[in-house]
Amino acid sequence: MTAPDAAPSTSLSGGAPARATVDLDAIAGNVRTLREHAGDAGVMAVVKADGYGHGLLPSARAALAGGASWLGVAQLPEAMALREAGIDARVLSWLHVPGTDFAAAIGADVDLSVSATWALEEVAAAARTLGRTARIHLKVDTGLGRNGAYGADWPVLLDAARALEAEGAVRVVGVWSHFVYADAPDHPTVRLQQERFAEAVREAEKAGCDLEVRHLANSAATLTNPSAAFDLVRPGIAVYGLSPVPHLGDPASFGLTPAMTLTANLAVVKRVPAGQGVSYGHQYVTQRDTTLALVPVGYADGIPRNATNVGPVSVAGTRHTVSGRVCMDQFVVDVGPGAEVHPGDVAEIFGRGDAGGPTAEDWAQATGTISYEIVTRIGSRVPRVHVGGAR
């Protein structure tokens, strides 16, 4: 065992104690794999929420390099950031509130999702002001009970959209919806939603809509349900190399590679006796004379607080578990009495798992959530270091 004041073996640039390394080649490769699963359908890579925590612009460029023909975002500022960065691929933005600056979106040639007549009216008003035609995708609620026109609201929305098409204010270029249980391919709602979606598309075409794209499939459906591909698939988490159906297979089984690896340098290494409580509330007590290593990331950085005593961490190539309460900026790991560990050594919190280290899915299982949340919640003070690909 080395002394606690031994020299660091590694360091992070800029003084940041942790980093999220994002492999852009992995993102591009994942999109190529998703294109194969999509068959003849195009791929809309979803880059919302800062590219699921991986970085909006680098992720978007990597996805396009991998063959995505569309990009999808939830909020309009995300779409505008893509345009301001010079990305000219087709972009769909889908979550809006009254008073949104639709004129900016139309001027930037961003496609807009419309789920209700209020949104249709505001988009049309903005289009009239600009003297341009807005490209819109009508969203139908096929059973999720979230966003989208539901039941009798669908034909009302179609009629209103067709009237505005006749005026030239809008053009309905797409119809879309979202699955409830795509991560359970055999769930009866999957078939029912596909049937309802196909019916909604027929109703739109019967009303006179000349559709460019019909899209329903998310990551899970793209990987497990070819019949849901229609004209375009909308993978999100799979773009970043994580399995949307972990009970059916890990990323490698679907040809995916996790893109993010979260690491931190150890801040303190010290010996403590048996019976020493660790961190707030002494939720962990050492059972022997041992060595503690302090990892300088915490719940302010996106580490789940409920990872206390369950979160997996690899230190010096050996897998351990968070020891005691996760704090705002740090947590502790009991690395055992004989560990050769130095301040500055790298702790891998999650990564690809190919060398036995923990994965984002391992963290999800340990903390009762999904891998989507684990990567997306990584905070802004953890720098993203993008490697490979075009940046």
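Me: Which helix holds both Arg196 and Glu199?
Reply: This is a predicted model. Arg196 and Glu199 sit three residues apart, about one turn of the helix. Both belong to residues 188-206, which is helix 8.

Me: What is the N to O distance in the salt bridge between Arg196 and Glu199?
Reply: The cut-off for a salt bridge is 4 Å, from a side-chain nitrogen of Lys or Arg to a carboxyl oxygen of Asp or Glu. The side chains of Arg196 and Glu199 meet that criterion. Their N to O distance is 3.8 Å.

Me: Is Glu199 buried, partly exposed or exposed?
Reply: Buried means under 20% relative accessible area, and exposed means over 50%. Glu199 has 35% relative accessibility, so it counts as partly exposed.
The range in between carries the label that applies to Glu199: partly exposed.

Me: How many salt bridges does the structure hold?
Reply: The Arg196 and Glu199 pair is a salt bridge. Arg135 and Asp111 also form one. For the structure, the count of salt bridges is 17.

Me: How many residues apart are Arg135 and Asp111?
Reply: Their side chains meet in a salt bridge at 2.8 Å, N to O. The pair links distant parts of the chain, with Arg135 in strand 6 (residues 134-139) and Asp111 in strand 5 (residues 111-114). The separation in residues is 24.

Me: Why does Asp111 count as buried?
Reply: The label buried needs a relative accessible area under 20%. Asp111 counts as buried because its relative accessibility is 0%.

Me: Which residues are linked with Arg135 and Asp111 in a network of salt bridges?
Reply: Arg135 and Asp111 bridge each other directly. They also belong to a salt-bridge network, whose other members are Arg90, Asp109, Arg171 and Glu212.

Me: What is the relative accessible area of Arg377?
Reply: Arg377 forms a salt bridge with Glu373, with the closest N and O atoms 3.0 Å apart. Glu373 is partly exposed at 34%. Arg377 is also partly exposed, and its relative accessible area is 31%.

Me: Which residue does UniProt list for "modified residue: N6-(pyridoxal phosphate)lysine"?
Reply: The UniProt entry is unreviewed. The listed residue lies in helix 2 (residues 48-52).

Me: Which residues is Lys48 in contact with, leaving aside its neighbours within four places in sequence?
Reply: Contact means heavy atoms within 4.5 Å. With those neighbours set aside, the contacts of Lys48 are Gly72, Val73, Ala74, Glu78 and Trp94.

Technical notes
Residues numbered from 1 in each chain as written. Predicted model: local features only at pLDDT ≥ 70, side-chain atom pairs only at ≥ 80, totals over all residues. Heavy atoms only, no water. Helix = DSSP H or I, 4+ residues; strand = E, 2+ residues; numbered from the N terminus. Buried < 20%, exposed > 50% of the residue type's maximum accessible area, 1.4 Å probe, protein only. UniProt positions renumbered as here; feature names shortened; annotations may be inferred.
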